[in-house]
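Q: I am new to this protein model. Could you walk me through how to read it?
A: Gladly; let us look at it together.

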Amino acid sequence: MTSATTMTTALRTEHRDLLMRLAREVSFDAGSRLFEEGRRADRFWIVRTGTVALDLYVPGRRPAVIESLGHGELVGWSWHLVGWSWHFPPYLWQLGAEAMSLVRAWEFDAEAVRAMCAEDAEFGRAIAVWVGRVVAQRLHASRVRLLDLYAPYGSRGLT
């Protein structure tokens, strides 16, 4: 998948290289939870292979899948309007995430990335713009998904 929200298209080479200095390779088996809604957001991931589903807790039901993420996409940014995640206080997850298949990813320590953003204003701006693009895309996807689920005529081509 190539979109404005993948790391390779959203960040210039020098910013990708800086960020990748902090990367750690990890993997998650299918069915593994990456994080739970309401818990501390202290890391984030970029998917290398596999699929991660972002989901929303629904009392008395299975979590509702809001979006599926794949290769090159940022996992760890909430779609929720208040925008809490690893990048902004209070650093809490607003959604959950589950590996839908074997997932290989790069994992980043959020505190280390925030410190790097504070030290290098240009890098910090690039990360903020990237996260902003992800937020905009996820808000739109969530709106379409909710319309498909609950509106009388669905999203009617808003994608």
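**Reading the model step by step**

A: Let us begin with the surface: the chain exposes about 8600 Å², and carbon and sulfur atoms supply 53% of that area. Keep in mind that this is a predicted model.

Q: How many helices and strands does the chain have?
A: The secondary structure comes to 4 helices and 8 strands. Along the sequence they follow the pattern α-α-β-β-β-β-β-β-β-β-α-α.

Q: What is the order of the strands in the open sheet?
A: To read a sheet, follow the pairing from strand to strand. Here 4 strands form an open sheet in the order E2-E7-E4-E5, with antiparallel pairing. Strand E2 (33-35) and strand E5 (64-69) are the edge strands, each pairing on one side only. From one strand to the next, the twist averages 30°.

Q: Which residue in E7 stands opposite Arg33?
A: Arg33 stands opposite Glu98. The strands E2 and E7 (residues 96-99) pair in the antiparallel sense over 2 bridges.

Q: Which strands does helix H4 lie across?
A: Helix H4 (residues 121-150) lies across strand E4 (52-56) and E5, and runs at about 135° to E5.

Q: Which residues of helix H2 are buried?
A: Buried means under 20% relative accessible area. In helix H2 (residues 13-20), His15, Arg16, Leu18 and Leu19 are buried. They lie on the same side of H2 because they cover an arc of only 160° around the axis. Their cover includes helix H1 (7-10), strand E3 (43-49), strand E8 (103-109), helix H3 (110-119) and H4.

Q: What share of the 159 residues counts as buried?
A: For the chain, 42% of the residues count as buried.

Note on methods:
Residues numbered from 1 in each chain as written. Predicted model: local features only at pLDDT ≥ 70, side-chain atom pairs only at ≥ 80, totals over all residues. Heavy atoms only, no water. Pairing = 2+ DSSP bridges. Axes fitted to C-alpha atoms, helices over the stretch in contact; angles between N-to-C directions. Contact = heavy atoms within 4.5 Å. Buried < 20%, exposed > 50% of the residue type's maximum accessible area, 1.4 Å probe, protein only. Arc of directions from axis to C-beta. Areas by Shrake-Rupley, 256 points an atom, 1.4 Å probe, with all protein chains shown as cover.
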